[in-house]
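Here is a short report on one protein model.

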Amino acid sequence: MGVFLSLLKKELRTCFYSPIAYVVMFFFWILTGGNFYWLLINLAHGESLTSASQWMFSGFVLPFAIPVIVPLITMRLFAEERKLGTLEALLTTSVKVTELVLAKFFGAFIFYVVLWLPAIAYTCFQIKLAPAEVTGFPDLGALQAGVLGVMLVGALYIAIGLFMSTLTSNQIVAAISGFAILIGSLFVSMYMAYTAQSQSIRIVGQYYSSFAHMMEFSRGIVDSRVVVMYLGHAAWFLFAAVRVVEGRRV
């Protein structure tokens, strides 16, 4: 545990000292701020509380922004270590590969959580000005489910981005390949879920569509099968990343 915490501290220090982290943070905070402002404008013009609750964490832009920002967070995790030659040096020590992969994963996940803090702060500020018991907005149950949804989606996306970073020593290649997988799977599952003619294909698309899941979470609907799917798939990609890195130790 001591080794894991040391690796996690190093990962967080590297992450928050990186200029790209602050560029990502700047643009994502502008995006979430704009989304909340747009939500309040629509609410003031009579939009239903149900729709407004949905837009808290699944506005029209946010589900498409996450596949863009996550590869920018994860691209350096292993690719940079491989390029600098520090990964091989690290693997000659007694550090367990599982601890190394998990430290990098949780380092990136903590940064991802920090990205969402302003969105949660906006909501708390709004509740302070106009209590939810009076206005009916936001629905606190839907709010908690929405937070759970963006965390689950982020965990899976980060695991995929981390895995892609283990396959190359080039950060740009890691970012582009991670982006291609995430945005490609998002659009394909959306196409299957909402436009496919076959009912069975639509069911499969809805089961795998992160866009549909974020909409459901934002409505307060938590399906345990979806939760298990995200955790299971994230664990699988982390396991695959461990195997790839272990292959470099041999």
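R76 and E11 are both buried, where buried means under 20% relative accessible area, exposed means over 50%, and partly exposed lies in between (1.4 Å probe, protein chains only). The two residues form a salt bridge, with the closest N and O atoms 2.8 Å apart. R76 sits in the loop between α4 and α5 and E11 in helix α1, so the pair ties together parts that are 65 residues apart in sequence. A salt bridge here is a side-chain nitrogen of Lys or Arg within 4 Å of a carboxyl oxygen of Asp or Glu.

This is a predicted model: local features need pLDDT of at least 70, side-chain atom pairs count only at pLDDT 80 or more, and totals for chains, interfaces and linings use all residues. Residues are numbered from 1 along each chain as its sequence is written, and side-chain values use heavy atoms, with hydrogens and water left out.

**Charged pairs**

The structure holds 6 salt bridges. Three of them are tabulated, including the pair above.

| Pair | Closest N to O distance |
|---|---|
| R76 and E11 | 2.8 Å |
| E81 and K10 | 3.6 Å |

E81 pairs with K10. This pair links distant parts of the chain: E81 is in helix α5 (residues 79-84), K10 in helix α1 (residues 2-16), 71 residues apart. E81 counts as buried at 9% relative accessibility, whereas K10 counts as partly exposed at 37%. K10, E11, R76, E81 and K104 are linked in a network of salt bridges. D223 is partly exposed at 22%.

**Fold**

The protein chain has 13 helices and 0 strands. Helices (H or I, at least four residues) and strands (E, at least two) are DSSP runs, numbered from the N terminus. Of the 250 residues, 48% count as buried. Among contacts with a separation of 6 or more, 77% join residues 24 or more positions apart; contact means heavy atoms within 4.5 Å.

An unreviewed UniProt entry places "transmembrane region" at residues 20-40, 60-79, 100-121, 141-160, 172-194 and 227-245. Such annotations may be inferred rather than shown by experiment. Residues 20-40 are 100% helix, with end C-alpha atoms 30 Å apart. Residues 141-160 are also 100% helix, and their end C-alpha atoms are 29 Å apart.

**Inside**

Of the 63 residues in the largest nonpolar core, V101, Y112 and W116 touch the most other members. A nonpolar core is a set of buried Ala, Val, Leu, Ile, Met, Phe, Trp, Tyr and Cys residues joined through side-chain atoms within 4.5 Å. V101 touches F78, L162, L238, A241, V242 and V245, not counting residues up to four places away in sequence.

Helix α12 (residues 210-218) has 8 of its 9 residues buried, so it is largely enclosed by the rest of the structure. G220 follows α12 and has a positive phi, near 90°.

**Surface**

I20, V23, F26, F27, I30, V68, L72 and F179 make a nonpolar surface patch of about 690 Å². Patch residues have over 30% relative accessible area and no salt bridge; nonpolar side chains (Val, Leu, Ile, Met, Phe, Trp, Tyr) are joined within 5 Å, like charges within 9 Å. Helix α2 gives the most, with 5 residues. I20 lies in α2 and counts as partly exposed at 32% relative accessibility.

Definitions and conventions
Accessible areas come from the Shrake-Rupley method with a 1.4 Å probe; for residues, only the protein chains shown count as cover.
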